[in-house]
Amino acid sequence: MSIGNSPEDERPFEDVSEEARPSIGRALRQARLDAGLTVDDVTNATRVRIAIVQAIEADNFAPCGGDVYARGHIRTLAKAVHLDPAPLLAQYDDSHGGRPAPTPAAPLFEAERIRPERRGPNWTAAMVAAIVAVVGFVGFTAFKGGDDSGKSAVAEGGSTPTSDKTTPTPKTDKPKDPDPEPSDSAIAAVPQDKVTVQVSAVDGRSWVGVKDHNGRLLFDDLLKKGDSKTFQDSEKINLVLGDAGAIDLYVNGKKIDDDWQPGAVERLTYTKGDPQAG
């Protein structure tokens with residue numbers, strides 16, 4: 001009876017170190033699960049994209065973009081799931097031809113600094129620039145309106161004196177005429193072969209646009225309270241009133257008594273003869 005070792009005892013010891021050792025991806029995945037972390041948790045903590053985390057856990061290092069980046073991601077993920085990165089890096093080097101040649105660290109650090117800034121445009125700076133532009137435009141419009149308040153623009157030979165700027169408060173009657181409405185003689189004096197339109201800002205300021213029958217722009221500006229403009233054309237006057245409720249309108253010497261509401265925008269067309277709003 002043999003008292004030596006049994007056949008089983010005589011089997012050579014198996015070196016199970018390589019076979020038993022899990023792959024890099026499996027080790028990282030198991031450590032993440034043991035830590036109770038999701039892929040999203042790891043991505044938020046490391047800024048490594050979800051697709052790259054999933055690829056590394058599947059032992060696919062191609063999306064990393066090279067050995068240097070793959071080793072960097074392995075080190076980052078290992079620390080996030082509380083693993084020592086050194087054995088994983090050694091295992092990666094063994095299976096990928098050894099450790100890669102050192103590369104300058106500055107570009108990598110610069111990439112890490114720049115990456116969070118690529119999430120979107122700088123809306124704060126854009127908003128500040130827009131606000132500055134709007135404030136500048138409003139200030140320019142008010143300044144331009146103040147410079148033009150003492151001037152009178154007349155198209156096709158019409159003339160209308162402006163209101164007296166020495167008066168501190170504009171009067172409720174027409175600045176250009178001593179009478180509140182044109183007299184019968186004034187109406188009769190309006191040329192019959194032309195259309196004459198008088199626009200007066202009596203209840204506030206309003207933007208006014210005026211074109212003749214050819215579409216030529218006669219006026220495009222802000223009328224301040226108390227200002228009055230007169231326009232003539234041989235056939236037709238087209239008007240756009242930005243705040244019709246602030247305007248008194250006379251066409252061919254006759255007042256237009258439409259009940260325009262404050263702030264209402266009106267587009268009007270007048271021709272020779274009796275006033276007709278188009």
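Select E235 to begin: leaving out residues up to four places away in sequence, E235 touches V195, H213, Y270, T271 and K272, where a contact means heavy atoms within 4.5 Å. Before going on, note that this is a predicted model, in which local features need pLDDT of at least 70, side-chain atom pairs count only at pLDDT 80 or more, and totals for chains, interfaces and linings use all residues. Residues are numbered from 1 along each chain as its sequence is written, and side-chain values use heavy atoms, with hydrogens and water left out.

Stay with E235 and colour the loop between β5 (228-233) and β6, where E235 sits. Helices (H or I, at least four residues) and strands (E, at least two) are DSSP runs, numbered from the N terminus. E235 is partly exposed, with a relative accessible area of 45%; buried means under 20%, exposed over 50%, and partly exposed in between, using a 1.4 Å probe and protein chains only.

Next, select V197, V199, L239, L249 and Y270. Of the 21 residues in the largest nonpolar core, these touch the most other members. Such a core is a set of buried Ala, Val, Leu, Ile, Met, Phe, Trp, Tyr and Cys residues joined through side-chain atoms within 4.5 Å. Two or more residues come from each of β2 (195-201), β3 (206-211), β4 (217-223), β6 (236-241), β7 (247-251) and β9 (266-271). Which strand gives the most to this core? That is β2, with 4 residues.

Apart from this core lies another, of 20 residues; to find it, select I52, I56, I74 and A78, which are among its members.

Then return to L239. Not counting residues up to four places away in sequence, its contacts are V197, V199, G209, V210, L249, E266, R267, L268 and Y270.

For the next stop, go to helix α9 (residues 123-148) and pick M127. Is M127 buried or exposed? M127 is exposed, with a relative accessible area of 55%.

Buried residues make up 31% of its 278 residues. Among contacts between residues at least 6 apart in sequence, 60% join residues at least 24 apart.
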